[in-house]
Amino acid sequence: MENPSVNLGNGKWATKSGSILGSVVNEENRYAAIPFDFSRASSGTTVNRQGLIELVDEGVELVVNGDFSDGEDDWVFSNSSLNLSGAEINNIGQSNANSYISSVNVGILGLTYKFTYDVLETNGKNLVVEQASNVYLETDTIGVNREVVFEWTKTSSSSFTIKRYLAETKVTIDNVRLQEVLEEYPRIDFSEYTDGALLLEPQSTNILNQSNYFEPSPWGNYESSLINNKYTSPSGDMSASKLIESNSLSIHRLSYSSVSITAGQSYTLSVFAKKESRDHLSLTNYDGGTDTTTWFDLSNGEVVGGIGSIKPMGDGWYRCSKSFTAAVTTTSNYVVQVMIGDGASSYYQGDGVSGLYVYGAQLEALPYATSYIPTYGSIATRAAEMCDNGGVVTDFNSNEGVLYVEASTLVNGADCRITLSDGTITNRVSIEWDILASTIKGFTGSNGNLVSSSYNQTDSLKIAVKFKEGDAALWINGIEVDTDTSTSILSGINTLEFSNYDGNKAFEGRLKDLRVYKKALTDAELITLTTL
Amino acid sequence: MGKPNVNLGNNKWSTKSGGILGYEDNINKNVSPVEFDFSRASSGTTVNRQGLIELVDEGAELVVDGNFLLTGTQAASTAGTYWTTGAGWAISNGKATCDGTNGDAVQQPLSTVNTALKQITFTISDYQSGKVRVYSGGGADVLFEVTSNGTYTYTDFLINNKIFIYSIESFIGSISNISVKEVLEEYPRIDFSDDVNGALLLEPQSTNLIKYSEGFSNSYWVKSGSNVVQGFASPDGALNAYKLVEGSNNGNHRLEVSGLTVVSSKYNVSIYVKSYGRDEVRVTLANYFNSATDVYFNLKTKSVILGSEAEDGLIEVLSDGWFRCSFTSKSNAIAGGNAKLYIDTALGGSNTYQGNGASGVYIYGAQLEALPYATSYIPNYGNASGVTRVADTCNNGGQVGNFNSIEGVLYADMAALSNYGGLRLIQLSDGTDDNRVSLYFDVSANTIYCNVVVSSSSNALSFPLSDATIYNKLAIAWKTDRIEFWINGIKGAEDLVFTTFAASTLNNLDFSLNGSYDFQGKIKDLRVYRTALTDDELVFITRPSYSSYESMSNSLEYKVI
């Protein structure tokens, strides 16, 4: 079989802001670039090759000696000193004197950065990050061994200073990081496939404005307590928390206050959890009328009661989720409830020490969970993604060829397409994951409709549409599921889009492999290509 | 697809004085030469395959027994041997050693007597005290002085045609591996600064106005809140870089040159810099330049902050931690004789700070030239008027038998030096302007043209490039009723009404329009095909390709996941 004239994925992934790199291998086994345009007007997270959740859009580290491994080099210390492995900011007993550390000037005016530091010790007083006099952002330091993360927009040409906010402050911080928040980076997701997949999702908002710092308000504990941000999380850092039951006969709950829901709207609640001395978790939603609960077994990775989903995340972590539809429009403290279970019930005699680990709660107005959207004090939205404009006219042969993908969608009934075209319906070749569940379609030109209704779209499917005048076929997982001999010859095909020819019906799912061939492959070749 | 009938480059480079060798892989699998004439009436530097700056024009060794190993040929104070040793000098164990006696020399007349520029190299070892002073024969022609161990390379004229190593200030130490080579001209330069396969570098004339471009210890460079220390590995591989060390004062830490004579022109200033405790330098053109030409270069973040009267700030990455920092004055200088250049270490975006008396940067190769972009480094070892590298020209490749006039393809993988300048051509012609296939950078920025002229009738096509200063793969295909202009795998323009050349018309391949509008740029690969090639073949040759997905990703600045 000849080499495809366009290939994206198949274990070869390279991205940059606004683009993902496809390729073609020529007859001398040299690679040529076929870039696709990519857009997403926000940051986004994915599960990387190591199985860890990461923000794909972090720029290079700008802070020099942010871990203080070179002592005070590249910093100015005032009423501060090196302590533990970091810097202690301390004005206790100094008549409210200022105390701070100041970095060399980094960053570019107007750009937004992810600012992070770790709290090693604290007396509970807050710090501020100051850019110039009276231009500052207050940051809390509650809880030791935790990471403080916030977005910071450089509004002054001065260097930044981390200083005491009020008197009697004594806080030791470490690992000061400042990275530009870059947008438009495509996400390669390894959560389901070891070779990775291009993840394309719709817009979604995490309605919970404090997704991973579970105390104090708006999170609240009932017959439970927390050790916040002290354990290894699915992102690989020390940002997971432990939810501990009380020693009462009761439910042991973590809930989020004053969540508003709209009648008729679908929602999905998700949280990452890992067993400790307890291995059962339940998620409960008040939909405005009743509570619905789903129970999860964190030892065996199973949903053991109710309707929901549990996905392994590595290192014993699972992402547990359940969906519900709001019965009425209301605001309640019980829309989001996370409870520990003893295996038999969520109402049991606690021992005051047992519990489980939690991380990354998300409530979004979709009937399924999308990738984690971290929030740090306000709701956050991940914008919709679009991938298009792959290839040029010489990469395709309009007269005949094959469009092939290995992909899955986010929901069964996704109503989305991948299309080869000249921007018109007359000259297009599309694969469609239909709005009807389990239905896959192929289109060649304005006719040439091919269809099968036997494949769950959320499964990874190998799909090929062969196109040629009077000879079109749809192949799925090694089987020719439909043919059409009425197809016309196409012309002028010049682009490959993750949507319909007109930009609608954007693909939403995971794409492992995409190929275009300049020849209509033989049946034997198509069997080889599409067999799982 | 057949092989090209003329090929220059494509990782196959051979040069000699006045010529560069193209080739044809013929059907019998033999290789035939296709020679081009080359000229440049001066020396020139390039970045060699090892990433080091080198003078391309080294001639034969003029010193005999430079390593003092030919037994029986040396005798103290004896004329007629290879080396003559004065009082206090002794030769043994492969070196000449001085015991601290002042005022005498080890010397040798050169085997070739002429006024050509020479490159002098030697090694000082066992240094204890004093100075070695190098003359070209005595009198006032002091070339340079050395006060520490190391290997030193200098270029200068040996006006008395001797190499004369003189001891002063009680020099105790040894000298060895003495080399003097004539600096030859007319050698084409193959530049590996931005491609491992190299590129033919063709530049316009330019003059480095900095009198001591490497000699920062000379009083020509005024130190203020700073000092310099010599003897560190430079981008040319020798120990001729300096360390610019900040003082312990709270203020500027500066090197300054004044008295520079400038004309009404934009100027580019460049200097090689490497971190030594400090990662920032500020470079400023002052007096006779509009104010605020101060530019901060941060070697760690690779960022440049331009003053309002500066433009085109650039940090080029070299090997071994070195960078070349450069910028251009936004406005023309005011003609006059006292322009100034400041080079300051900086911290936190400021050139005024509390120094620690120890930190600084390594520096090498300062250059000020009356061009709006930096050209290759032109060493200057003391010429107050500046040292000039003359323009390169390369023409007269091939003959009528190498070309098929009726149809063919002219292909080049090339980059412009800048977006400034007039037309810069590569051309296949009959030696006149009337019949030609021309490929050229236009005066308009980032615009490439092709023009197929048959019997004085022009057929011009143009195409905008995203960046003319990066390598672009370009091809002009012509045959009856077809001219196509391909750019980086895409057919950018075509003309389907075309009367082609008569047979045997085209007979010459030039990097100019028959001697004018010289090409200025870099060419990795130049080819002429005898057939017009198919679309797929033109995609194949003009689309950038790479040996692996990873190398492609890295080259295109994608992050491999």
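Predicted model: local features only at pLDDT ≥ 70, side-chain atom pairs only at ≥ 80, totals over all residues.

User: Okay, so where does A:E276 fall, with what relative accessible area?

Analyst: A:E276 has a relative accessible area of 29%, so it counts as partly exposed.

User: And A:K242, is it buried or exposed?

Analyst: A:K242 is buried, because its relative accessibility is 11%.

User: What do A:E276 and A:K242 form together?

Analyst: They form a salt bridge, and their closest N and O atoms are 2.9 Å apart. A:E276 sits in the loop between β27 (266-275) and β28 (280-286) of chain A, while A:K242 is in strand β23 (residues 240-245) of that chain, so the pair ties together parts that are 34 residues apart in sequence.

User: What about chain B, which residue does B:R40 form a salt bridge with?

Analyst: B:R40 pairs with B:D392, the closest N and O atoms being 2.8 Å apart. B:R40 lies in the loop between β4 (31-39) and β5 (45-47) of chain B and B:D392 in the loop between β34 (387-389) and β35 (393-395) of chain B, so parts 352 residues apart in sequence get tied together. Both B:R40 and B:D392 are buried.

User: New topic: how many residues of chain B are in contact with chain A?

Analyst: 23 residues of chain B are in contact with 31 residues of chain A. The two chains bury about 2,300 Å² between them, 58% of it on carbon and sulfur atoms. B:Y549, B:Y558 and B:I561 supply 33% of the area that chain B buries against chain A, more than any other three residues.

User: How many salt bridges are there across the interface?

Analyst: The rule finds two. The side chains of A:D395 and B:R543 meet in a salt bridge, at 2.5 Å from N to O. There are also eleven residue pairs in polar contact across the interface.

User: Which parts of chain B each supply at least two residues to the side that touches chain A?

Analyst: Those are α1, β46 (545-546), α2 (549-555) and β47 (559-560) of chain B. The residues on that side divide into twelve nonpolar, six polar and five charged.

User: And which strand of chain A does β47(B) pair with?

Analyst: β47(B) pairs with strand β2 (residues 14-16) of chain A, in the antiparallel sense over two bridges. In that pairing, A:A14 stands opposite B:V560.

User: Last one: which residues are buried in helix α1 of chain B?

Analyst: In α1 (residues 535-542), B:L538, B:V539, B:I541 and B:T542 are buried. The buried residues of α1(B) pack against several strands of chain B, including β36 (408-416) and β45 (521-529).

Key:
Residues numbered from 1 in each chain as written. Chains lettered and ligands numbered in written order. Heavy atoms only, no water. Salt bridge = Lys/Arg side-chain N within 4 Å of Asp/Glu carboxyl O. Helix = DSSP H or I, 4+ residues; strand = E, 2+ residues; numbered from the N terminus. Buried < 20%, exposed > 50% of the residue type's maximum accessible area, 1.4 Å probe, protein only. Contact = heavy atoms within 4.5 Å. Buried area = accessible area lost by both parts, 1.4 Å probe. Polar contact = N/O pair within 3.5 Å; in protein donor to acceptor, adjacent residues only side chain to side chain. Nonpolar A, V, L, I, M, F, W, Y, C, P; charged D, E, K, R; others polar. Pairing = 2+ DSSP bridges.
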